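Me: I've got a model open and I'd like to learn how to read it. Can you take me through some features one at a time?

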Amino acid sequence: MAILAACAAWVLITTGVRGGRPDGILLAVLAVAAGYAGGRITGALLPVAAPCAGALGGVALAAAAPHVTPGPVSSSPLGPVGATAALLALAAGAACCAAWAAHGVLRTWLRLLAAGVVVAAALLGSTAGVIASAGIVLCSLATALMRRRGLVLTGFALTTAVVAGLAWTVAGGALPEGLATSLEGQLGPFRVRMWQDAEGLAAAHPALGVGPGRFGETSPAVTEGLLADAKPHSALLQQAAEQGLVGVALLAAAFCWMLFALWRSPRSTQVVLTAGAALTALAVVATVGNALSVTSVSVGAGLLAGIATARPLEDGRDQVRPGRSRPPAAGRG
């Protein structure tokens, strides 16, 4: 809560100095906090039903919401990588968490639900969603052989850091020409152009950025009318451009705190690592896409983190220690 409060406070500070529209970021912070609180409650009461319902809800949102599925808007030159893939990744992670929390035949059915998320991603035409959800299902199955959750969670953190560093080097043009050309072909020239604008704004205003929600007003590509989308399609670069390096540090701190909370979670290692894989996939998608601009994604991320860190009530009752009682005094002769 302290980190989320610091994120909200920094948004208000940068808005007061630079101007801008903080409502979108404040709404995202509130969505994560509400989702996390709801996940802790439902995860304690319904450790199997809550993630199962979350998985079904994620697939339904990805299929029904017109602003997250590939369509006329999301199939713009920037491509469809974004909220669809994020929702499907969270849905796959929730289904796998429900499977590990269940027993017997129900576990098999829930694993089939997780496989169904991969099929749904293919039917929706989300290549990133297929890759993310299939990878999460495979990682979840592999957790049966893992015992040291701290080492795996550290690997998730390093993976996210590598992707974030690669995105920043692409934006800064620091990669060799051949590799840069190859990545630009995968990402698209329009996305790279937006990243370059964001990196330039972050370099020009490293302390406070240009202000929340003001990327569209200050990006050369947007102001010249080359692109209608007013977002750089990267949570990292948008944070750097609009809120400076302090904003980037707070974003990284929130992700690291989430991994630390998973490490300390009373849930099984399988549930913890499955949730960590899903949230890491979300972080990767958000680094190269526009996922966190959709409120349902922020709520889903907080919900999954809350479920994976909640202590089910039946476990708590089993682990209650009886009150101390004084041993009976020995009889005196």
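Reply: Let's start with S126. Leaving aside neighbours within four places in sequence, S126 is in contact (heavy atoms within 4.5 Å) with T84, A85, L88 and A121. A word on the source: this is a predicted model, where local features need pLDDT of at least 70 and side-chain atom pairs count only at pLDDT 80 or more, while totals for chains, interfaces and linings use all residues. Residues are numbered from 1 along each chain as its sequence is written, and side-chain values use heavy atoms, with hydrogens and water left out.

Me: Where does S126 lie, and is S126 buried or exposed?

Reply: Buried means under 20% relative accessible area, exposed over 50%, and partly exposed in between (1.4 Å probe, protein chains only). S126 has a relative accessible area of 7%, so it is buried. S126 sits in the loop between α5 (105–123) and α6 (127–142). Helices here are DSSP runs of H or I with at least four residues, strands are runs of E with at least two, and both are numbered from the N terminus.

Me: How many helices and strands does the protein have?

Reply: The count is 15 helices and 0 strands. Of the 333 residues in the protein, 45% are buried. Among contacts with a separation of 6 or more, 77% are between residues 24 or more positions apart.

Me: How do I read a pair of packed helices?

Reply: Two packed helices are described by the angle between their axes and the distance between the axes. Axes are lines fitted to C-alpha atoms, for helices over the stretch in contact, and angles run from 0 to 180 degrees between N-to-C directions. Take α1 (residues 2–18) and α12 (residues 235–263): they pack at about 165°, with axes 10 Å apart. The two are therefore roughly antiparallel (over 145 degrees). On the α1 side, the contact is made by I3, A6, C7, W10, V11 and T14, and on the α12 side by Q243, V246, G247, L250, A253, A254 and W257.

Me: How far does helix α3 reach from its first C-alpha to its last?

Reply: The expected span is 1.5 Å times one less than the number of residues. Helix α3 (residues 49–64) has 16 residues and reaches 22 Å, close to the 22 Å expected.

Me: Which residues of α3 are buried, and what do they pack against?

Reply: They are A50, P51, C52, A55, G58 and A62. These buried residues pack against α2, α4 (83–101), α5 and α14 (295–309).

Methods
Angles under 35 degrees count as roughly parallel, over 145 as roughly antiparallel, 65 to 115 as roughly perpendicular and the rest as oblique.
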